[in-house]
Amino acid sequence: MSFQWLKMRISEEQERRRREAQIRERLPRALDDLHQALSACIESYTSAFGAEAAELQLVGRRISIVVREELDGQWQERAKVEIAMLESIPGFQIECGGQSLAIEVGMLPGDKLFYRDHDQDQYVSMEEVTHRALDRAFFPKLRE
């Protein structure tokens, strides 16, 4: 016996799995895109506050950012941001100061990406992703 609802659900699930596989395949390039955007932010920040004020490293599937402040002639670490690829949603996990943020990455037509704050169920731009990742680390004494 053939059930129409079952055929439809099987087709839907096959399509969902195909899209998810495409996103997982694209995820390393999405991490590179994020790395480039964060590099531009780090460059602006270090231009304003000194070359030692922030450092960014991309190692494998992880981005690490260290923010420093000069106190009594010595650069002291003030904050650390860790961003890792997270295949389970798929997207990125951003950790800073004991707080965690999950950013989902999805595909649009034309190999374009979208970003969504997983917890707030809110679509965000790359600019907003960089803002959410760096603002508290860069400017802990300023209110949003």
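Me: Which element gives the most to the lining of the second largest pocket?
Reply: β2, with 3 residues. A strand here is a DSSP E run of at least two residues and a helix an H or I run of at least four, numbered from the N terminus.

Me: What are the ground rules on pLDDT?
Reply: This is a predicted model: local features need pLDDT of at least 70, side-chain atom pairs count only at pLDDT 80 or more, and totals for chains, interfaces and linings use all residues. Residues are numbered from 1 along each chain as its sequence is written, and side-chain values use heavy atoms, with hydrogens and water left out.

Me: How does the lining divide by residue type?
Reply: Into 8 nonpolar, 5 charged and no polar residues. Asp, Glu, Lys and Arg count as charged; Ala, Val, Leu, Ile, Met, Phe, Trp, Tyr, Cys and Pro as nonpolar; the others, Gly among them, as polar.

Me: How do β2 and β3 pair?
Reply: Antiparallel, over 10 bridges; pairing needs at least two DSSP bridges. Arg 62 stands opposite Ala 84 in β3. The two strands form a hairpin with 2 residues between them, and Asp 72 in the turn has a positive phi of about 55 degrees.

Me: And how many bridges join β3 to β4?
Reply: 6, again with the strands running antiparallel. Leu 86 is opposite Gly 91 in β4, and this hairpin has 4 residues between its strands.

Me: Is β4 mostly covered or uncovered?
Reply: Mostly covered, with 5 of its 6 residues buried. Buried is under 20% relative accessible area, exposed is over 50%, and partly exposed is in between (1.4 Å probe, protein chains only).

Me: What follows β4?
Reply: A hairpin with β5, 2 residues between the strands, which pair antiparallel over 6 bridges. Glu 95 has Ser 100 in β5 as its bridge partner.

Me: Where is Gly 97, and why does it count as exposed?
Reply: Gly 97 is in the loop between β4 and β5, and counts as exposed because its relative accessibility is 74%. In the turn, Gly 97 has a positive phi of about 55 degrees.

Me: How many residues in the largest nonpolar core?
Reply: 31; Leu 38, Ile 63, Ile 65, Ile 83, Phe 92, Ile 94 and Tyr 115 have the most contacts inside it. α1 gives the most, with 7 residues. Such a core is a set of buried Ala, Val, Leu, Ile, Met, Phe, Trp, Tyr and Cys residues joined through side-chain atoms within 4.5 Å.

Me: What is Ile 94 in contact with?
Reply: Leaving aside neighbours within four places in sequence, its contacts (heavy atoms within 4.5 Å) include Val 81, Ile 83, Leu 101, Ile 103, Val 129 and Ala 133.
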